[in-house]
Amino acid sequence: MIRLTHVTLRRGLRLLLDGADLTVHSGQRVGVVGANGVGKTSLFGILLGDYQVDSGDVEMPVHAEIASVAQEVDAASISALDYVVAGDRALVQARAQLSKAESAGDGNKLALAHDAIERIDGYTADSRAAQLLAGLGFSEAEQAASFSDFSGGWRMRLNLARALMCRSDILLLDEPTNHLDLDAIIWLENWLKRYDGILLLISHDRDFLDAVCTHSVHIEHLKLNHYTGNYSAFEKMRAERLAGQQAAYVKQQRDIAHMQKFVERFRYKASKARQAQSRLKSLERLELIAPAHVDSPFKFSFKQPEKMPAQLISVQDADFGYTETSVLAGVNLNIMAGERIGLLGANGAGKSTLIKSLVGELTPMQGRVERARELRVAYFAQHQVEQLRADESPLSFLKRLHPDTTERELRSFLGGFDFAGDAALAPIGPLSGGEKARLVLAAIIREKPNLLLLDEPTNHLDLEMRHALGIALQGFEGALVVVSHDRHLLQSVSDELKLVHGGMVDEYKGDLNDYARWLLQSRAESVQQPVQESADNSAQSRRERKRREADARNRLSKVRAEVKKLEDELEVAEAELEETESRLGDQDLYTEERKTELLELLEQQASFKKRIDEKESRWIDASEQLERLQRQEAS
């Protein structure tokens, strides 16, 4: 059991905790949440013994083994596998005793050392470490590579695997998903759900917290507020406390209106589309969680695109890659106005390659990419964050991009991203990764794009900013393609999912829950029976197979575009009918003096209803044709 009693902690001149209490029992998996800078990482510092509290008591289990992820390590010449195995400190000690006994030729100590290794299951350590590394995305060849060969992000994965390898009683994880793709995150959450010690987890990934945690600790107003249940349960309880406030109610209604507008696009096919059903469920949840974010410092939205061509980009039988190496083969993809696509796939499968190809950073090695003349793309990627000028301020950065905009307007706009007052004038250099990402997003939002390409936009963003970004994207009227390991964001802003897998880009017909089950099943099958790559999976074979499917895919794309067009036309016709019927509700209209106007409105009403009936009939036929084509493609 961990117990903090009346704890006060200062870091420099800043007071982080004041008379805070917390009790965590064995077996509990606790999500530690709160705004940036409230002291989440400092709480871990207290538990690790790195920080001494100014007052109060900290009780930890006697002889408890505590594991955490090291942030900085020296480059080691040992293999990735050996580096992870070394996380099992009991095994390292037993092996050292064995080596000492062998050198001394002491048979008795040699037997004791072998027995110690046997008791801790040490002879399976390499196998267990290999499973950890495979789950986090390391191939067999990479497991044998030297630790020093890996970049910073992959070293953090190795440090995470080393922490999981430790026989810990208490596991402290601070943002473990920051350097992971969605596949690795799904594997990690399933591993953590089986962890039987005390787990304290800091994360800005709502779905990850929901899946893993049994309890939540919210740091607010210098206190540690303990809640039973996962993150959604915490939000609900906090929302219930805040819902009585008028400000919470107003913000809730505004956010629900944003989401409702999004859902309306599916009113005619909600019974058929699984993604539409997910969105409806999100709307139900939003009513509960909106008040929990009433005090968010973020408030922004996308401006309406100036022009919206029907087809923005058409990719026809294209191969994409780098120099002589093809990463994606036979890609056929049409991005229509208003489409919202979420990209799934393992790290390295080619998601970022596809995004770069769409934005024009990569030209096709084969095939064609056609872009609408009026296409206006806004693109977010991590390299843009890294390219910000350290000597500029947020205000001067935006002023350089928009010289004709007044300083007052830009400062007001930056305030919605929590760059208010002096923060708008401070240099960019010392900003955190999350603050820089916010600034790049602010610049993108002012561009009025009709196509938005987002490659991991939530990296380093806290929960409040992720929530605000999700709300803004739901109200975005252009087309969207997004890569993100944040499942909550993907689910709430994507209409359809594409799977980048095996060098191909295919439609994924399930939802994110199906994808998680498919990943876990695939991993289990690969462990039981390794699959060898056949000649049929070569780049040439994939290209030929994709060409055979091209005609069917083009037909599917045309029918899907027709369905979308009819839905948009139905929406316009219904709006016109609603306006006409609203005017017919005027009691003064039914006087002799306004008889002519009444007859005209009744004629309009009949005409709109007839038009809606005709379009609904065409929509039903097109939808049935679309379903037939989708079934044929699936078979």
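Student: At what angle do the axes of helix 5 (residues 125-135) and helix 8 (residues 182-193) cross?

Tutor: They cross at roughly 135° and come within 9 Å. Axes are lines fitted to C-alpha atoms, for helices over the stretch in contact, and angles run from 0 to 180 degrees between N-to-C directions. The model is predicted: local features need pLDDT of at least 70, side-chain atom pairs count only at pLDDT 80 or more, and totals for chains, interfaces and linings use all residues. Residues are numbered from 1 along each chain as its sequence is written, and side-chain values use heavy atoms, with hydrogens and water left out.

Student: Why is helix 5 called oblique to helix 8?

Tutor: Angles under 35 degrees count as roughly parallel, over 145 as roughly antiparallel, 65 to 115 as roughly perpendicular and the rest as oblique. The crossing is at roughly 135°, and therefore helix 5 is oblique to helix 8. Helices are DSSP runs of H or I with at least four residues, strands are runs of E with at least two, and both are numbered from the N terminus.

Student: Which residues of helix 5 and helix 8 meet?

Tutor: Gln131, Leu132 and Gly135 in helix 5 meet Ala184, Trp187 and Trp191 in helix 8, where contact means heavy atoms within 4.5 Å.

Student: What makes glutamate 189 and arginine 487 a salt bridge?

Tutor: A salt bridge is a side-chain nitrogen of Lys or Arg within 4 Å of a carboxyl oxygen of Asp or Glu. The closest N and O atoms of glutamate 189 and arginine 487 are 2.6 Å apart, so the pair forms a salt bridge. Glutamate 189 lies in helix 8 and arginine 487 in helix 19 (residues 487-493), 298 residues apart.

Student: Why is glutamate 189 called buried?

Tutor: Buried means under 20% relative accessible area, exposed over 50%, and partly exposed in between (1.4 Å probe, protein chains only). Glutamate 189 has a relative accessible area of 6%, so it is buried. Arginine 487, at 8%, is buried as well.

Student: What is the relative accessible area of glutamate 447?

Tutor: The value for glutamate 447 is 26%, so this residue is partly exposed. Its side chain meets that of arginine 376 in a salt bridge (3.6 Å, N to O). Arginine 376, at 37% relative accessibility, counts as partly exposed.

Student: How many salt bridges are counted by this rule?

Tutor: The count comes to 22 salt bridges. One of the pairs is aspartate 486 with arginine 466 (2.8 Å, N to O).
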